[in-house]
Amino acid sequence: MTVSAFPSSVPTLRDLQERVHQMQGRPASQPLATHPAFSGLIALQTGATYGVDSASLAMALMAGPSADGAWCGVVGSAEFGIEAAAAAGVDLSRTILVPDPADQWLGVTSALIDVLTVVVVKPPGKVSEGAVSRISARLRQRGAMLVAWGDWPRCDARLTMDDLAWVGLGRGHGHLQARQATVSVRKGTAQAQQRRLWLPDAERVIRVVDPVPAPRIIQRVS
């Protein structure tokens, strides 16, 4: 199992123990900061699990709590791009990576939930209902939030993105500079809510796509 962290901020055992003590006695659910681009689309809270279909959405959900001071962890994704995460707003000085937990991924996820506020996990395969129930109980007990990248039963909300459009690529050449996507958020059987976002724009910022102004209609008065 490989564990990565950023040398200037590797938490000591005492730091993590203090975090456990701080988390004990927290209410079962409390709001977490949400990235401004997702404001009104989804409201993050502790004790909840959010399913995503891409690294970009996982980073976007991490970004709000991370910028607000939360510690984050990522389990089971060797391809998780730290530069892209930093550009999305994730504070790398408070982020722990476990890119290759092998068959210990569930135990590692549970351990990180004990001491971190946001944990992203990419399961290597199908997740059992029993494992989901245990993780959900732990999230509520510890006041943490889970972002499941991939298949995960019984998520509180699922986020997907489609209708991708890249900016910067010409006729077979050029550099990809920005990307637009339609992000859908579905809670249970309710109708999905959607928003067009830059993920990211040319300045590497995640933001809402500016609406196209309606054409002005000039009436001639005779």
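A: First, a term we need: a pocket is an open set of grid points with protein on both sides within 12 Å along at least five of seven lines, and its lining residues have an atom within 4 Å of a point. Helices here are DSSP runs of at least four residues, numbered from the N terminus. Keep in mind that this is a predicted model.

Q: Which helices supply at least two residues each?

A: Helix 2, residues 55-67, and helix 3, residues 82-88, each do that.

Q: And what's the volume of that largest pocket?

A: About 210 Å³.

Q: Which residues line it?

A: The lining of the largest pocket is made up of S56, M59, A84, A87, A88, R179, L199, P200, R204 and I206. Sorted by class, seven of the lining residues are nonpolar, one is polar and two are charged.

Q: I see L199 and P200 in that list. What is the peptide bond between L199 and P200 like, cis or trans?

A: The bond from L199 to P200 is cis, and its omega is near -5 degrees.

Q: Where does P200 lie?

A: P200 is in the loop that runs between strand 9 (193-198) and strand 10 (207-208). R204, another name from the pocket lining, is found in the loop between strand 9 and strand 10 too.

Q: What is phi for R204?

A: Phi of R204 is near 65 degrees, which is a positive value in a residue other than glycine.

Q: What about D201, buried or exposed?

A: D201 counts as buried because its relative accessibility is 7%. D201 also has its place in the loop between strand 9 and strand 10.

Q: How far is D201 from Q177 in space?

A: Their C-alpha atoms are 7.2 Å apart, while in sequence D201 and Q177 are 24 residues apart.

Q: New topic: how do helix 4 and helix 5 pack?

A: Helix 4 (residues 105-115) and helix 5 (residues 129-142) pack at an angle of about 15 degrees, and their axes are 9 Å apart. That makes helix 4 roughly parallel to helix 5, because angles under 35 degrees count as roughly parallel.

Q: Is the crossing of helix 4 and helix 5 left-handed or right-handed?

A: The crossing is right-handed.

Q: Last one: how many residues of helix 4 are buried?

A: Eight of its eleven residues are buried, so helix 4 is mostly covered. The buried ones are W105, V108, T109, S110, L112, I113, D114 and V115.

Technical notes. Residues are numbered from 1 along each chain as its sequence is written. This is a predicted model: local features need pLDDT of at least 70, side-chain atom pairs count only at pLDDT 80 or more; totals for chains, interfaces and linings use all residues. Side-chain values use heavy atoms; hydrogens and water are left out. On a 1 Å grid over the protein atoms alone, a cavity is a set of points where a 1.4 Å probe fits but cannot get out, and a pocket is an open set with protein on both sides within 12 Å along at least five of seven lines; lining residues have an atom within 4 Å of a point. Grid points are joined across faces, edges and corners, and a volume is the space filled by probe spheres set on the points. Ala, Val, Leu, Ile, Met, Phe, Trp, Tyr, Cys and Pro count as nonpolar, Asp, Glu, Lys and Arg as charged, and the others, Gly among them, as polar. Axes are lines fitted to C-alpha atoms, for helices over the stretch in contact, and angles run from 0 to 180 degrees between N-to-C directions. Angles under 35 degrees count as roughly parallel, over 145 as roughly antiparallel, 65 to 115 as roughly perpendicular and the rest as oblique. A crossing is left-handed if the near helix is turned anticlockwise from the far one by less than a right angle, and right-handed if clockwise. Buried means under 20% relative accessible area, exposed over 50%, partly exposed in between (1.4 Å probe, protein chains only).
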